[in-house]
Amino acid sequence: MNAPADMPLVNASRFRATHEMDWKRLEGIVNRIERRGIGALTEGDLLMLPLLYRSALSALSVARETSLDRALVAYLEALCTRAYFQIYGVPTSFWTQLKDFFARGWPQAVQALWRETLASFLLTVIAAVAAFLIVRHDPSLFYAIIPDSLANGRDPSASAQALRDTLYNSKHQEDGLAVFATALFTHNAQIAIFAFALGFAFAIPTVLLIAYNGLMLGAFLAVFAAKGLGVEAAGWLTIHGTTEIFAIILSGAAGFRIGTAIAFPGRAARTDFAFTVGRQASVAMAGAVVMLILAGLLEGIGRQTVQVDLERYAIGLSVLTGWLLYFYLPRKRHVAVS
Amino acid sequence: MWPFRKRGEPKPPRTLRRSFVTPEGVDLQLELGSAGARAAAFMLDAFLMLVILILVTIAVAYLIEGGKSQVLEILWLIGFFVLRNGWFVLFEISGRGATPGKMALGLRVVARDGAPLTGGAVIARNAMREIEIFLPLSFLGYQASHQAVDAFLVIFALSWTCIFLFFPLMNRDRLRIGDLVGGTWVVRTARTALGVDIGADETMERPRRRFTDATLDLYGVYELQTLEEVLRVGRPEAIATVAEAVRRKAELPDDGDDLGFLTDYYRALCVRLERGMMLGRRRDNKFAPSVGRRG
């Protein structure tokens, strides 16, 4: 190659002189996307982006092989990396992801957890039955299971009338109920996230958490059942509890999944298996938080306005049926979107 | 990281550079975020969250005085929940892939396989913060508020935190537990400006110094790039020292213009080494054989 006399002799400089305009343009486009999003680009820039990116990439390969200017290679590496993540690494828009979550991601994630969900459900039931029997047998053990702050007067020493009052037309807590329901939601949602995260410790803390949840359930029911209010208490619980307890069971199942995936990765490598499982289980956990929001609404509104046992059962059970249909109804398989 | 590596898989290198091949077949050589930068980014985020929390709480407390307490209380509770759980998730799920703290430090969360970052991955990596940071914190807070700080429990909480806190230092990819479960890692995507081209002739009127082959055979690529750095940083005392060393080694007279001498030497050496590279004779450092004709 015969370079003209006034061309610089260093390869990097000649190379730079030829391509610098393109790099600068790519840099400008990437800067704009990083600052204001892809919407800030003109149509022309949008069409040029992949072309400029590829030419910068090939410039990087050439520069690595022919140029000794380290700053040039470093610049091209940084530019190509930024452009790469704007082209290949950007998640689909938030609203598309949200739509996908409700249409496919969530039910699929829950379906994939069916074994763990069954285990989590059985654990809750066994713990609840055990606590129920224990407290019926020896009411003083109630205090060992449930802290005072949570019992709120609903303990074995309370009279049947006082207990009945907590189930129906509870005037004394009416004004604080909305705040209480919100506090309960945030508390429960935090528990759901914990149940998922603690799964990392080989699921042992999650097992304890789910079992404790079942114990509390059984102990409360036992207190009411002792005063002949068992059916009424169950109705009071059903209206929002089917959603709430189902959500806790599911987040526990997500935790189990993580724990077992890390403990027993099977033929896959632990790191690879941990994240394929982790990503899907976290979707189920996020779904559990959505369910808890709904449970909070049901509790805040439904408990006050619906005072008849039968209606409470009807609402609670139909909501439960709705969840079961939504999660487990067989549906057309789309191409897996992880 | 014994339990987490595939059998037979080579160990990742000790530096923070990781090979990452794009679909076009070019290795981008990603640079991972250092543990220091990650910690600084987290501190910045925690600080911002705390400031927002305090400001909102003060505002709510002020407004409650004027009635409407219930609605505000509910809003505060929900706001606190969203701040605690949503800050990291919502920022990282947006196109930037970084919280304000990470943005300030030029970091970005990306999927380890180079695919788009999914919501599931972001939620998984940030849910783990609950057991890394918030659990021991709230645990200690609860203990302190009940004035029953049990030494054993404090030690337990601290060691629990330490395990998770220093987890990134125990593996070469600087993965948090959350990164492990989410399949992500944090890379540096700082902007780098294209510096001035010291290889180009900015003025043609100044006569260029000429060097003999023997003078140029003294150094290789490593020395050339060190010289490049010296010229780019441009500290006069460094330039004087380097110029003196080169002159002594090449047995050249001092002509009083250190910068000009080094720039010319850099160009001449660069041209020679590049030419050698074209012919398949790369000279990595001064100990390697010369790129010129052998013999």
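**Reading a two-chain interface**

Q: How many salt bridges does the rule find across the interface of chain A and chain B?
A: A salt bridge is a side-chain nitrogen of Lys or Arg within 4 Å of a carboxyl oxygen of Asp or Glu. In this predicted model, the rule finds four salt bridges across the interface of chain A and chain B. One of them joins the side chains of A:Asp69 and B:Arg232, at 3.0 Å from N to O.

Q: Which helices of chain A each supply at least two residues of the side that touches chain B?
A: Helices are DSSP runs (H or I, at least four residues), numbered from the N terminus. Those in question are H1 (11-36), H2 (43-66), H3 (70-87), H4 (94-112), H9 (177-197) and H12 (270-305) of chain A. The residues of this side divide into 39 nonpolar, 18 polar and 17 charged. Here Ala, Val, Leu, Ile, Met, Phe, Trp, Tyr, Cys and Pro count as nonpolar, Asp, Glu, Lys and Arg as charged, and the others, Gly among them, as polar.

Q: How many residues of each chain are in contact?
A: Contact means heavy atoms within 4.5 Å. By this rule, 74 residues of chain A are in contact with 82 residues of chain B.

Q: What is the area buried between chain A and chain B?
A: Buried area is the accessible area (1.4 Å probe) that two parts lose on being put together, summed over both. Between chain A and chain B, the area is about 6,700 Å², and carbon and sulfur atoms give 63% of that.

Definitions and conventions: Residues are numbered from 1 along each chain as its sequence is written. Chains are lettered from A and ligands numbered from 1 in the order in which they are written. This is a predicted model: local features need pLDDT of at least 70, side-chain atom pairs count only at pLDDT 80 or more; totals for chains, interfaces and linings use all residues. Side-chain values use heavy atoms; hydrogens and water are left out.
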